[in-house]
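I'd like to walk you through one structure, starting with its helices and ending at its surface. Please have a look at it first.

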Amino acid sequence: MTDVIIVIGDRMGKGQKVAAGIDSVPGCRAIVVPGMAADMKLGDVMHKENADLGISFCGSGGAGALTAKNKYGYSERHGMRSAEEGETAIADGCKVLGFGFMDTEELGKRIANAYLKKYPRSSS
């Protein structure tokens with residue numbers, strides 16, 4: 001079974017808490033893009049790592065999400081402010097999620113579990 005890879009790009013260089021939440025879910029692995037303005041590199045890292053999902057954090061999450069969409073064609077939704085909105089975006093098939101600043105372990109866990117619910121991985 002291959003891990004679900006979720007890339008995190010945060011405008012302020014954060015994302016470690018949401019990554020810890022993702023990493024706590026069996027079968028999921030987070031990659032945090034390092035440094036300031038990491039949200040703008042999100043699509044590039046997703047493409048390089050063949051990631052399943054990306055999370056952009058800034059005022060609305062839109063800068064990184066829209067850059068990933070424009071450069072690589074990833075479906076996106078931004079301006080989200082709750083885990084529920086992220087879960088709905090995954091259920092709707094979005095590949096890049098744009099949030100305001102929400103670096104919490106709970107968000108990481110809920111996003112990872114929502115992805116696994118929509119796209120179950122077999123253990124073979």
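Let's begin with helix H1, residues 16-23, where Val18, Ala19, Gly21 and Ile22 are buried. Before going on, the ground rules: this is a predicted model, in which local features need pLDDT of at least 70 and side-chain atom pairs count only at pLDDT 80 or more, while totals for chains, interfaces and linings use all residues. Residues are numbered from 1 along each chain as its sequence is written, and side-chain values use heavy atoms, with hydrogens and water left out.

Two terms I have already used: buried means under 20% relative accessible area, exposed means over 50%, and partly exposed is in between, with a 1.4 Å probe and protein chains only. Helices (H or I, at least four residues) and strands (E, at least two) are DSSP runs, numbered from the N terminus.

Back to H1 and its buried residues, Val18, Ala19, Gly21 and Ile22. They cover an arc of only 160 degrees around the axis, so they sit on the same side of H1. The arc is taken from the directions from the helix axis to the C-beta atoms. And what covers those residues? The cover includes strand E1 (4-10), E2, E3 and helix H5 (105-118); contact here means heavy atoms within 4.5 Å.

H2 can be read in a similar way. Its buried residues are Leu42, Gly43, Val45 and Met46. These cover an arc of only 165 degrees around the axis, which puts them on the same side of H2. Their packing partners are E1, E2, E3, helix H3 (62-72) and strand E5 (96-99).

Now for some backbone angles. Most residues other than glycine have a negative phi. You'll find alanine 37 in the loop between E2 and H2, where it is partly exposed at 29% relative accessible area.

On to the charged pairs. How many salt bridges does a search of the whole structure find? Seven, where a salt bridge is a side-chain nitrogen of Lys or Arg within 4 Å of a carboxyl oxygen of Asp or Glu. One of them joins the side chains of aspartate 52 and arginine 121, at 2.9 Å from N to O. That pair links distant parts of the chain: aspartate 52 is in the loop between H2 and E3, arginine 121 is in the segment after H5, and they are 69 residues apart. Aspartate 52 is buried at 15% relative accessible area, whereas arginine 121 is partly exposed at 28%.

Arginine 110 has a salt bridge with glutamate 84, at 3.1 Å from N to O. Because arginine 110 lies in helix H5 and glutamate 84 in helix H4 (residues 83-91), this pair ties together parts that are 26 residues apart in sequence. Both partners are partly exposed, arginine 110 at 23% and glutamate 84 at 42%. Arginine 110 also forms a salt bridge with glutamate 106, with the closest N and O atoms 3.0 Å apart. Those two residues both lie in helix H5, four residues apart, about one turn of the helix. Salt bridges that share partners join Glu84, Glu87, Glu106 and Arg110 into one network.

What about disulfides? There are zero in the structure, a disulfide being a pair of cysteine sulfur atoms within 2.5 Å. For cysteine 28, the nearest cysteine sulfur is that of cysteine 94, 18 Å away. For cysteine 58, the nearest is again the sulfur of cysteine 94, at 16 Å. Cysteine 28 is buried at 6% relative accessibility, and cysteine 58 is buried at 9%.

Last stop, the surface. Met12, Met36 and Phe101 make a nonpolar patch of about 330 Å². Patches are made of residues with over 30% relative accessible area and no salt bridge, joining like charges within 9 Å and nonpolar side chains (Val, Leu, Ile, Met, Phe, Trp, Tyr) within 5 Å. Areas come from the Shrake-Rupley method with a 1.4 Å probe, and for residues only the protein chains shown count as cover. Methionine 36 is found in the loop between strand E2 (28-32) and helix H2 (42-49), and is exposed at 52% relative accessible area.
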